[in-house]
Amino acid sequence: MEEAMRQEAQDELFVAMVGTMEEMVDDDVDCYWLIKNFVHHLDSKFRDSQQQLQKGFEHYLNLEDGRLVAHLKACSALEKLPYNLWFRKCFAGCLPPSSLQRVWDKLVSGSCKILLFVAVEILLTFKMKVMALNNADSINEFLEKLPEDNTDPIINKAIDLWHKHCGIPAHSV
């Protein structure tokens with residue numbers, strides 16, 4: 001039973017990533033090979049990094065805005081944020097494919113930390129909305145269905161944060 005649930009979660013993750021890749025490339029054959037190799041790359045390189053990403057996210061968010069972290073902790077929302085949606089799906093289904101291309105390019109280049117900076121920047125961008133919400137469920141509900149109209153600036157700022165905290169080297173993981 002548990003194995004079936006885990007497989008279903010893997011399938012959901014894969015389907016979300018395929019949907020995003022389909023919008024990035026025109027050819028179905030290219031899409032197949034790109035997503036197959038992308039998922040294999042992520043699985044082999046970053047499979048065990050989920051907890052590290054979550055801890056890194058909390059660390060860098062605290063560096064950028066301690067009040068926001070304090071609010072999330074007061075609402076018992078920090079540990080309940082949609083990390084799975086963000087990190088395991090690499091923001092597929094959360095941010096539009098046009099914005100994700102640059103993030104996924106960084107992942108292919110070897111830096112999974114870009115994901116935590118995208119998550120940090122999402123919270124910084126929507127800080128006023130998040131601060132106005134007072135419980136974990138409402139915060140998660142909002143973060144799981146982000147407005148898609150201004151995501152390119154989020155990605156630009158996330159890349160800037162990544163450069164600020166990790167430097168520019170390609171081996172920055």
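## Overall fold

The model is predicted. The protein chain holds 10 helices and zero strands. Read along the sequence, the pattern is α-α-α-α-α-α-α-α-α-α.

How does the radius of gyration of the protein chain agree with that of a compact globule? For 173 residues, a compact globule would have a radius of gyration near 16 Å. The protein chain has 16 Å, so the two agree. Along its principal axes, the C-alpha trace spans about 45 × 45 × 30 Å. Of the 173 residues, 46% count as buried.

## Patches on the surface

Begin with charge. Eight names make up a negative surface patch: E22, E23, D26, D27, D28, D30, E148 and D149. Two helices each supply at least two residues of this patch: α1, residues 2–24, and α2, residues 28–46.

Take D26 as one member of the negative patch. D26 sits in the loop between α1 and α2. Is D26 buried or exposed? Its relative accessibility is 85%. The cut-off for exposed is over 50%, so D26 counts as exposed.

There is also a nonpolar patch on the surface. Its members are V29, Y32 and W33. Together they have about 330 Å² of accessible area. One of them, V29, lies in helix α2. Helix α2 also supplies at least two residues of the negative patch.

## Salt bridges

Side chains of opposite charge can pair when their charged atoms come close. How many salt bridges does the count give? The count comes to two.

E64 is partly exposed, at 27% relative accessibility. K164 is exposed, at 56%.

K127 and D65 form a salt bridge as well, and their closest N and O atoms are 2.7 Å apart. K127 lies in helix α8, residues 127–132. D65 lies in the loop between α3 and α4. The pair therefore ties together parts that are 62 residues apart in sequence. D65 has 11% relative accessibility. Buried means under 20%, so D65 counts as buried.

## Positive phi angles

Two residues with positive phi come next. Phi of S76 is near 55 degrees, a positive value, and S76 is not a glycine. S76 is placed in the loop between α4, residues 66–74, and α5, residues 83–88. S76 is partly exposed, with a relative accessible area of 35%.

F91 is not a glycine either, yet its phi is positive, at about 70 degrees. F91 lies in the loop between α5 and α6, where α6 covers residues 97–109. Is F91 buried or exposed? F91 has a relative accessible area of 0%, so it is buried.

## Sequence and space

| Pair | Apart along the chain | C-alpha to C-alpha |
|---|---|---|
| N84 and L100 | 16 residues | 16 Å |
| G93 and E144 | 51 residues | 9.1 Å |
| S99 and I155 | 56 residues | 6.7 Å |

Now look at one partner from each pair. N84 is in helix α5. N84 counts as partly exposed, at 46% relative accessibility.

G93 is in the loop between α5 and α6. F91 lies in the loop between α5 and α6 too. G93 counts as exposed, at 63% relative accessibility, whereas F91 is buried.

S99 is in helix α6. S99 is buried, with a relative accessible area of 2%. The C-alpha atoms of S99 and I155 are separated by 6.7 Å, although the two are 56 residues apart along the chain.

Terms used
Residues are numbered from 1 along each chain as its sequence is written. This is a predicted model: local features need pLDDT of at least 70, side-chain atom pairs count only at pLDDT 80 or more; totals for chains, interfaces and linings use all residues. Side-chain values use heavy atoms; hydrogens and water are left out. Helices (H or I, at least four residues) and strands (E, at least two) are DSSP runs, numbered from the N terminus. Buried means under 20% relative accessible area, exposed over 50%, partly exposed in between (1.4 Å probe, protein chains only). Patches are made of residues with over 30% relative accessible area and no salt bridge: like charges are joined within 9 Å, nonpolar side chains (Val, Leu, Ile, Met, Phe, Trp, Tyr) within 5 Å. Accessible areas come from the Shrake-Rupley method with a 1.4 Å probe; for residues, only the protein chains shown count as cover. A salt bridge is a side-chain nitrogen of Lys or Arg within 4 Å of a carboxyl oxygen of Asp or Glu. Lys and Arg count as positive and Asp and Glu as negative; His and the chain ends are not counted. The place of a charge is taken as NZ of Lys, CZ of Arg, CG of Asp or CD of Glu. The radius of gyration is taken over C-alpha atoms; the globule rule is 2.2 Å times the number of residues to the power 0.38.
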